[in-house]
Amino acid sequence: MAGLRPDHPTLRVGNQDREQVVEHVKTAYAEGRLDRIEFEDRLERAMTARVHGDLIPIMNELYGGHPAHPVLYPPVDGRSAFMRQGGMVGRGETGGERLGAALAHLLPLAGLPVLGPLVLMFTAGKNSPYVRAHSVEALNFQLTLIAVTVLLVATIVGAVLTPLLWIGGVVLSVIGGVAGASDGDFRYPFTVRLVK
């Protein structure tokens, strides 16, 4: 993992250095430590940073001065900026964010199993970490459900299990939609998380 170099502020940064700081900024926003204006400002500064001296002030603003290790800042979970310890962090600040999160889980029930969460991830998810986290979770579940269905369809057991899987998928999607609308966390069981 890349680390910032406070001892060499004129050293040029790479994409990995920028991405690491961006993940910290997104996490701080998801946790409610930054408002939208502060989030957008720090995100822009991180993405346009050229040297370590550009990134260090952003991290100091997030963590209050220099952390214990001056070279490496606290790691952000690599699975997603908004997933930690098996759950989502952050909250839907507005009704629109909660609606977007709910739709990510419910659009598959309207016949858009992959397209619905994918569109939300690339549109509303760009501005809302909360919507993105729910969209990614719903997308991964739908992809897993489709892959398992394709594998089972070729077997005799699949004729019995496939309808049960889809009934379970409907129930879980509704539960996910309710969790997204009520500003809560939701993780689908038995899901392969390919999309981060």
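## The place of His-134

In which helix is the place of His-134? In this predicted model, His-134 belongs to helix H6, which covers residues 129-153. With a relative accessible area of 0%, His-134 is buried, because a residue counts as buried when that value is under 20%. The side chain of His-134 also makes a polar contact, at 2.9 Å, with the side chain of His-105.

## Nonpolar cores

The largest nonpolar core has 14 residues, and those touching the most other members are Val-21, Val-25, Leu-34, Ala-46, Leu-55, Ile-58 and Leu-62. At least two residues of this core are supplied by each of helix H1 (15-30), helix H2 (36-47) and helix H3 (52-63), with the largest share, five residues, coming from H1. Another core, of eight residues, lies apart from it and includes Ala-104, Leu-120, Ala-179 and Phe-186.

## Confidence of the prediction

For the protein, the mean pLDDT is 78, and 81% of the residues reach 70 or more. Helix H6, which holds His-134, has the highest confidence, at 88, whereas the lowest is found in strand E1 (residues 83-84), at a mean of 38.

Over residues 66-89 the pLDDT is below 50, although in the model this stretch has 59 contacts beyond near neighbours in sequence. Where pLDDT is low, the predicted coordinates should not be read in detail.

Note on methods
Residues are numbered from 1 along each chain as its sequence is written. This is a predicted model: local features need pLDDT of at least 70, side-chain atom pairs count only at pLDDT 80 or more; totals for chains, interfaces and linings use all residues. Side-chain values use heavy atoms; hydrogens and water are left out. Helices (H or I, at least four residues) and strands (E, at least two) are DSSP runs, numbered from the N terminus. Buried means under 20% relative accessible area, exposed over 50%, partly exposed in between (1.4 Å probe, protein chains only). A polar contact is a pair of N or O atoms within 3.5 Å; within protein, one must be able to donate a hydrogen and the other to accept it, and residues adjacent in sequence count only if both atoms are side-chain atoms. A nonpolar core is a set of buried Ala, Val, Leu, Ile, Met, Phe, Trp, Tyr and Cys residues joined through side-chain atoms within 4.5 Å. pLDDT is the predictor's confidence in each residue, from 0 to 100. Contact means heavy atoms within 4.5 Å.
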